[in-house]
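Open the model in your viewer and keep the selection tool at hand. This tour goes stop by stop.

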Amino acid sequence: MEKSINDNYFFYFDQNRCTGCKACIVSCKDWNQLNPGPVSWRKIVSAEDEGTNEYDFKVLNVTYGCLHCAEPECVKACASGAIKKDPETGMVIIDRKACTGLQQCVIACPYNAIYIADDQQEPEMEEGWQVRHPAQKCTMCWDRLAVGKKPACVDCCPQRALDFGLVSDLEEKYGSNILLERELKDVFKCEPTSPSIVFKKKR
């Protein structure tokens, strides 16, 4: 099947399967060699959904990192042009050498998915950096995709709550589970910006 220009890479998340084990967070940090500190490219948010009585409740977990939005607010906010969206893959990538440290991207991201390290986590500046701690975030594991692997968070998930691929392939595999904008607003508690995620809500 020929790839449509709008058929970018998407994450898939099944809330029914996620147990909140944090394996995705650990594998992400390990693969991307993130030292201990405030930066974690993937996070898990948990909440209890109470029913009509004390026995009727469920735990709702959401795991996510940068959602590589179709209309990324971070790209619009970045005055240095360090953040770009690749039209072929849909990836939103930060060029850390071009970052000037204004942190407007951090403020603009509705999912709090862009991070600034501290001196302990990032003790040395790399060659070419303009600031001590340029912005960073999930890269969709582009280096793994280049050798035919899925993102580290997807490969490690013991419950198979996460998947990844072209949106057309995910829809064919799982059905049409893409949330409408108003539903995404309820999940992420913000105004959505067409994030690249197929999301199956907990029943």
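Select Glu-122 and Arg-96 in this predicted model. Their side chains are joined by a polar contact of 2.9 Å. Now look at where Glu-122 sits: the loop between α3 (104–108) and α4 (142–145). Is Glu-122 buried or exposed? Its relative accessible area is 10%, under the 20% cut-off, so Glu-122 counts as buried.

Show what surrounds Glu-122. Leaving aside residues up to four places away in sequence, Glu-122 touches Arg-96, Ala-117, Trp-129, Arg-132, His-133, Pro-134 and Gln-136.

**Next stop: Gln-121**

Select Gln-121. This residue, too, is placed in the loop between α3 and α4. Gln-121 is buried, with a relative accessible area of 5%. Which backbone atoms does its side chain reach? One is the backbone oxygen of Asn-35, 2.7 Å from a polar atom of the Gln-121 side chain. Another is the backbone nitrogen of Val-39, which the side chain of Gln-121 reaches at 3.0 Å.

Now display the contacts of Gln-121. With residues up to four places away in sequence left out, they are Lys-29, Leu-34, Asn-35, Pro-36, Gly-37, Pro-38 and Val-39.

**Next stop: the sheet**

Select β6, β1 and β7. They form an open sheet of 3 strands, in the order β6-β1-β7, with mixed pairing. From one strand to the next, the twist averages 20°.

Strands of a sheet pair through backbone hydrogen bonds, either parallel or antiparallel. Trace β1 (residues 9–14) against β7: the two run parallel and are joined by 4 bridges. Then trace β1 against β6: here the pairing is antiparallel, over 5 bridges.

Pick Phe-13. Which residues stand opposite Phe-13? In β7 it is Phe-199, and in β6 it is Leu-162.

Color β1 by burial. This strand is mostly covered, with 5 of its 6 residues buried.

**Last stop: the helix over the sheet**

Helix α6 lies across β1, β6 and β7.

Terms used:
Residues are numbered from 1 along each chain as its sequence is written. This is a predicted model: local features need pLDDT of at least 70, side-chain atom pairs count only at pLDDT 80 or more; totals for chains, interfaces and linings use all residues. Side-chain values use heavy atoms; hydrogens and water are left out. Buried means under 20% relative accessible area, exposed over 50%, partly exposed in between (1.4 Å probe, protein chains only). A polar contact is a pair of N or O atoms within 3.5 Å; within protein, one must be able to donate a hydrogen and the other to accept it, and residues adjacent in sequence count only if both atoms are side-chain atoms. Contact means heavy atoms within 4.5 Å. Two strands pair if DSSP finds at least two bridges between them. Axes are lines fitted to C-alpha atoms, for helices over the stretch in contact, and angles run from 0 to 180 degrees between N-to-C directions.
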